[in-house]
Structure formats: C-alpha cells, structure tokens
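Me: I'm new to reading protein structures. Could you walk me through one, feature by feature?

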Amino acid sequence: MTSCGLLNSSNKPVPLRSGSVTVLIRGFVADVGCELLYRNEEPGPVEAVFVFPVDAEVAVYAFQARLGGACIQAQLREKKQAQELYGDALAGGQSLFLLQQEGTGGDVFSCSLGNLPPGEEAALTLRYVCKLPLEPDGAARYMLPAVLRPRYTPHGWDGEDITQGVPRVPQGELPYTLSLSVTLQSPHSIDRVLSNCSLTPLSYMAGNQTTTQVFLAEAPPWDRDVELLVYYTEPHKPSAVLEVGLPGAEPGSLMGDPAVMVTLLPSLPEAVPGQSSAGEFIFLLDRSGSMRCPMDGRDCSRQRIDSAKETLVLLLKSLPLGCYFNIYGFGSRFKSFYPQSVGYTQQTMAESLQRVQQLQADLGGTEILALLRAIYRSPCQDGHPHQLFVFTDGEVGNTKDVIAEVQHHRGAHRCFSFGIGEGASTALVKGISRAAGGSTEFNTGQDRMQPKALQSLMRALQPAVTGISLTWDLPPGMEAALLGRGPEVIFPGQRCLIYAQLRGQPQPPDTAMGGVTLHYRIQDQTYKEKLQFPLQPQDGDRLPVHRLAAKSLLLELEGAVNTGSEGDRRRALETSLSSGVVCSLTAYVGVDTERGQPVQRPLVRRDIPLIGFGATLRMRNLLCSLASCSASVPMARARGFSGVSMACDFDNSSEVQVESRRPRRALEESPLLRLVSLQNADGSWDLDPQLAAALGVSETDARGRMPSKDVAPGVWATVLAVVSLHGRATGQRDEWELLEAKAVGWVWGQAGPRLSECLEAANTLLGCSVGPAVFGL
C-alpha cells in the first residue's frame, strides 16, 4: 500500500513546509481545520499521493488544494462517479485530486493530487470534526500529533502496512513550522486549559467565561504531541449545544434544521467492586508477529505482548469466584486454553497464570473473524452472559465483516476492546465495542494498559443500564427527531452524546426553552436525568454538531448497507452528500481546468519522510483528537503538564509442551505485580517466604509480629498485603481495586474480632498508616 507525501529525485525527504491548525471546541466536540504546505522539488511533475490515517469516528467534511496558482475546491460525489472523473482528467493532463476512504475499515483516507508541476507548491486544506475523550478528572482532551504519522513500521517488519518503505529521518532535520489557535465555547464556564506545551494566557470573550481563545506560545518540540486538557467548572452536569442549520439548505433536512447535541453523564450508584460473580469472561489476545514490537518504538522498551501478558495476569487475579473464563490467542489461526470456558477456581487460575507467562507472539498475521464465530457458536453458561475482552495491535482486511458479526450477536454479550501500540485500527477496535455495547481503550507509548483494562472489568462486573428512553419537552410547533439509534447501554462514569434534529419553529422564539429527560433502569431501580436549554442556536459556518451527527448516523447506515439494505444505502448516500461528510460510498473530487497543460514526462509517485522511532508521537490520525480514549490517570499528572489457516487448537497438553521448549521470557515483575501474583483466587494471601519478600520484610518478622495465635496465618497475610497496597501503591489503585475488594470480603468472613489488632500490627510492621475504613471498621 502507498504511504504519505513527497520525496525528491535524489531520494532525500521533502518534509512539510508548514502546518497551520485552527480548532473550535464546543463542549466535548472539536472542529479542526488544518493547512499543510508542500513543494515539489523534482525536475519533473509528480503524481502526488497523500495517504493519512484518521480515527474511525472522525467526520472529514471539507478538502481543497491549491496547486501552483490554481485553487481547486472539492465536491463530494458518489465514489464511482468521482473515480471516473479523476481518471478522465488525469489522462487529459489536467491537475486533479481525489479524496476517498481506503480499504474496508474506514479509518484510512487517500488523496491523489494528480499532476504537480516541478518547483510548485501544493497547499492542502482539510476540515474534520471529532469527539474529545473525557479524562477521569473531568477534563476534555484534545491531541495534535506533531507531524504526519503512519500506523507503524516495526524494525525488521516485512509485512504490508500503509507506511512500508517510508524513510525515517532524525527529528532535528524536519524543518516544519506549526501554528495552532484554539477557540473554546461551553454552556458552562471554562475553568482552565493545561498543556504539555507552552500556551498563551486564556483570553475570555464573555463575562461568564463561556468563550475563550488560546494559542501556542512557541513552536513545540518535535518529539512530543501537543495535548490540551480543557477543564469546565461543571463537567458532570448535563449540557446541550444547539446549532443553527446551514443557510440555504432545505428546511426539514438534516443540514437545514437546527441540531442539538445533548451531553449526559448519568449519576449512577456505585456498585461494590467485584460484587457480581455472573459472567463468562473471554479474553482474546492478539499473538500476531507485530506484537513483538516495542510499545513506544524504542528497541529497549517493553514488547506489546509482554504488556498484554501482564494485563492478563491482573485480570485473572481480579475475577470473582463463581464466574467462568477462557483465554484465546489469535493470529493466522487461534488457540484456546480450554475447549470450553471453565469455572474460576484456585486450580484453573494458577494453571492459566502459568500458561500466560509462556505465551509468545508466534501466530503469524491477524485474523479474528473465525475466532469470533467459534465463540458465538458456543452456548453461554446459564446465567453467565459472554463478556469479551479483545486485545490487538493491528488491523484486519475484513473489518466490516468482523463488526457485522459482533453486531449480529449484540444482544447476548458485551465486548470491551483495547488497541495496543500506534498501529491499532480505530475502525476495528472502536467498531466491535460500539456494536456490542462495550467500551474502547487505546494504549500507546508509555501509557499503562493495566488500569484501563481493570476499569473495563469493573464495568463488566457492574449491572448494565437498561430501559433507556428519551422524552423531549419542546414548545408547540417543534419536534425532535433522534439521529441514529440513541444510547442502548451506559456505564457508570461514561459520557453519552445524543444528537437530534429540531423541526419547526418555537413560539415565541426569543424566550423559548427546550427540555430533555433521560429515563433508565439499573436492576429494579428507575432513574432519570433532566436538562433544560435555551432554544437559541449558536451561529457559525463550521457546524460541528451537524457534521458529527451526520458521521454518527453514517456509521450506523454503513453497517446496514453491508447487509444489503438498499434503503439504508440511499439514505447513507444522501446524508453524506448533503452534509459533506465523506463515507465509504462517496469521494471528494476536483478538477483544475485552468492549467490544461499535458504531462511531458512519466509521472513519479513519491512519499513523505517520517520522524525516527525515537519520538513518542501517536500515529492513528492526522492532526486530530483521538476519541473515546480514556487515560487511566489524570493527564495533567501522568504526562507532565503544566490465505489463512483457521484450525482451532484445543490440545492443551501438546500446546504446553511445544511452548515450553521455547526460551521462556518471564514478565518484568513490578513490585505490585510481584505481590498480586501471590494472591489466591478467593482473595487471600498465604503467609510464606514469597509474600515476605514481596512486602520487603523477613519471614521471621512477618510471622513474629502476628498479633495473636488466635489469628489464622492467612488472615494476617491478607491484612499485610492490603495494607501494603494502600501504603505503597496508592498511585496504582486502579490496578488493584478489584483485588482489594476480594481480599477485604474474604477477611471479613475469617478474621472475627481480631481484625483491628491485625490492622494496627500490620501498620507498625510495614511503616504505614492505613485507616480502619479500608476494612469497613
């Protein structure tokens, strides 16, 4: 597959000359416009091909190119028609570009610029809309990669990806310039904006601090992304953004009517971690060859497979007694630990942990569809619905088929997906979780996967929100039409965006108010959230709410198109053409008829250089904010802000024998992992030399400081372990919260009246000051 940009005739890289980015952030939505400048230094014309990855949920809605002295404005056409126009123009020697989605995933776009004469510049202007992820501390995060980045090209990798063969250069040799301006608007006051780069002070444009601007104060280092954290005064309060329709668009159409985006963060009761034992937890681990790649591109960093294995250890330790589980590895074929899911016991846990440590990235390519079909053919355990956890670093060629398969079984399971490293396909990872009512996380660079995986497990252990419905309260003459299916599942602590088209006119328009109520049910309890908002649309020509609503609708319609629905295909085509949001059925095309000069020599396809792997930049998108990618800890603290075989192998004994002959690479054990690995399935620890070493005390002291002979050694050992977690691993609480819940529950059933004495003695021995509330005292 082709890569990105331009090279000169001597094979020296021709980098971007400059990048100018303007961002409009409304609540948790960003509308981004970027202009990228290139120059052809070849002695002859080139057919410049520009390929770039974007997030699968990003709505690309405008594109133009200035080639030499001519400006070509993009027009969105049905894809086949656009391709025919491009071929005719290129054959006639005209300059033209074609922008379309590549492949089956929908998260790679390619732009053919046509004939770029020698010595002339190409200025590309791209506009798109994306959702901003919500951080645990309530911030909205916007991320701007420093340069165009591919997915990945692993050292020594000979497989096919979109950047194969692209040269790497030292970061100091990239003479790019960058300007960034951000305008922020919010229904609630904007408290502050933090960044890992130098920013100008906030410039408020309204007395209530609901509108402000900020700029880059100086060019950022090229070895980092530009990340902004936007803090609102009331991030968890429901809000609505009403946007006026596109002038001149037909009333009653999606773009002609006002659109409203409602942001909801339901106040759900907190469930006790680990209280539910229902569930069949199935872990799907990518064991393709690329999982041997380092997490952040550095040869000395941990491999992706090792990070995934450590995560599996914590997940296995955190499962509740009484559930069922199984572990699959997949690549060109797949293998499972057990023919069918097994009950979670001390024996099955210990056996599985041993086998996890023997796993290698040795199963070839990436193929997951056959594995999913095998899992879905297996009946669920009675009262234990499937909960799938998928870990992958790659992409597949049949992304839409995979998503359709998950969608077909959506009522019987949930799917939690994790993209590992900078090459994960956002279309695949987000698509399967969205189709099955789960959640998505991405893990790149120095991020730790474990907290994100444990947060997802906590969601899986909590009861799902059901019975979701919306009731609109609008003035006479107005009605709301939901765009898309609306929310079907909401997890505690997760934000939910709902889009609706408002038809008709309020009476009277100057004082009219609208309202929406969300009704939902958790087990036998009914809840509701109500929000009122003024029916005064925000003006502007960028219309981010309309564009994002169109993208959300297109994602649903394109999935239906794959099943052969002609009506959904027509609606998807109409939605794309009217909104300007490109989809798999459409493409942007533009023809420059001013130049009219035929090509005098053969065209040459060139690529653009990429910074060396020493950088820690994310590569899933072009100058865009990643969506739905929650961090495990607040960003400001954590990042320093200011032909395929489908055979299934169930032969456990032969698999262990084969893998035991390979050199065993033990997991890099952190102090936390060393302690966690000793915990029993029921939540207890044993008082033994291994525990003493993990606690940093002698076995003699560990046994001698036991407060009474009436205390069972296991109780004393478990209290010591819990105290150690609170006193020495507070910053990693997200990784051991479920483990602690199991331990405390076990202690309560065993300790009796001696628990207070045990806690006091444990604090003294370990030098901690853990309070009695930890044990419910």
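Reply: Let's go through it one feature at a time, and keep in mind that this is a predicted model.

Me: Okay, the big picture then. How many helices and strands are there in the chain?

Reply: The chain has 17 helices and 35 strands. It runs to 777 residues, and buried residues make up 58% of them. The accessible surface comes to about 29600 Å², with 49% of that belonging to carbon and sulfur atoms.

Me: How do I read a single helix? Which residues of α9 are buried?

Reply: The general idea goes like this. An α-helix has 3.6 residues a turn, so residues three or four places apart point the same way. Now the case here: α9 covers residues 566-579, which is 14 residues, and it reaches 20 Å from first C-alpha to last, close to the 20 Å expected. The buried residues in α9 are Ala572, Leu573, Thr575, Ser576 and Ser579. They cover an arc of only 165° around the axis, so they sit on the same side of α9.

Me: And what comes after α9?

Reply: Glycine 580 follows α9, and its phi is positive, near 80°.

Me: What about a helix like α15: how many of its residues are buried?

Reply: In α15, 13 of the 16 residues are buried, so that helix is mostly covered. α15 takes in residues 713-728 and reaches 22 Å from its first C-alpha to its last, close to the 22 Å expected.

Me: Back to phi. What should I look for?

Reply: Leucine 543 is a residue other than glycine with a positive value, near 50°. Look for leucine 543 in the loop between β32 (525-534) and α8 (544-561). Leucine 543 counts as buried because its relative accessible area is 2%, and the cut-off for buried is under 20%.

Me: How many disulfides does the count come to?

Reply: In general, a disulfide is a covalent bond between the sulfur atoms of two cysteines. In this model the count comes to zero disulfides.

Me: Next, the rings. How many aromatic pairs does the structure hold?

Reply: It holds 10 aromatic pairs. One of them joins phenylalanine 28 and tyrosine 232, edge-to-face, with 5.8 Å centre to centre and 70° between the planes. To call a pair edge-to-face, you want planes over 60 degrees apart. This pair links distant parts of the chain: phenylalanine 28 is in the loop between β3 (18-26) and β4 (29-39), while tyrosine 232 is in strand β18 (residues 226-232), 204 residues apart. Both phenylalanine 28 and tyrosine 232 are buried.

Another pair is phenylalanine 325 with tyrosine 344: the centres are 5.9 Å apart and the planes are at 80°, so this pair is edge-to-face. Phenylalanine 325 belongs to strand β22 (residues 324-330), and tyrosine 344 to the loop between β24 (342-343) and α3 (346-357), 19 residues apart. Both phenylalanine 325 and tyrosine 344 are buried.

Me: Which residues form an aromatic cluster?

Reply: Phe283, Phe389, Phe391, Phe416 and Phe418 form one aromatic cluster.

Me: Where does the charged end of arginine 192 sit?

Reply: Arginine 192 has its charged end over the ring of tyrosine 231, 3.9 Å from the centre.

Me: Last one: how do I compare sequence distance with distance in space?

Reply: Pick a residue and check both numbers. Leucine 229 is in strand β18, and at 0% relative accessibility it counts as buried. Leucine 229 and arginine 141 are 88 residues apart in sequence and 4.7 Å apart in space, C-alpha to C-alpha. Now try methionine 205, in the loop between β16 (203-204) and β17 (211-215). Methionine 205 is partly exposed, at 46% relative accessible area. Methionine 205 and glutamine 185 are 20 residues apart in sequence and 9.8 Å apart in space, again C-alpha to C-alpha.

How values were computed: Residues numbered from 1 in each chain as written. Predicted model: local features only at pLDDT ≥ 70, side-chain atom pairs only at ≥ 80, totals over all residues. Heavy atoms only, no water. Disulfide = S-S within 2.5 Å. Helix = DSSP H or I, 4+ residues; strand = E, 2+ residues; numbered from the N terminus. Buried < 20%, exposed > 50% of the residue type's maximum accessible area, 1.4 Å probe, protein only. Areas by Shrake-Rupley, 256 points an atom, 1.4 Å probe, with all protein chains shown as cover. Expected span 1.5 Å × (residues − 1). Arc of directions from axis to C-beta. Phe/Tyr/Trp six-rings, centres within 6.5 Å; stacked < 30°, edge-to-face > 60°. Lys NZ or Arg CZ within 6 Å of the ring centre and 35° of its normal.
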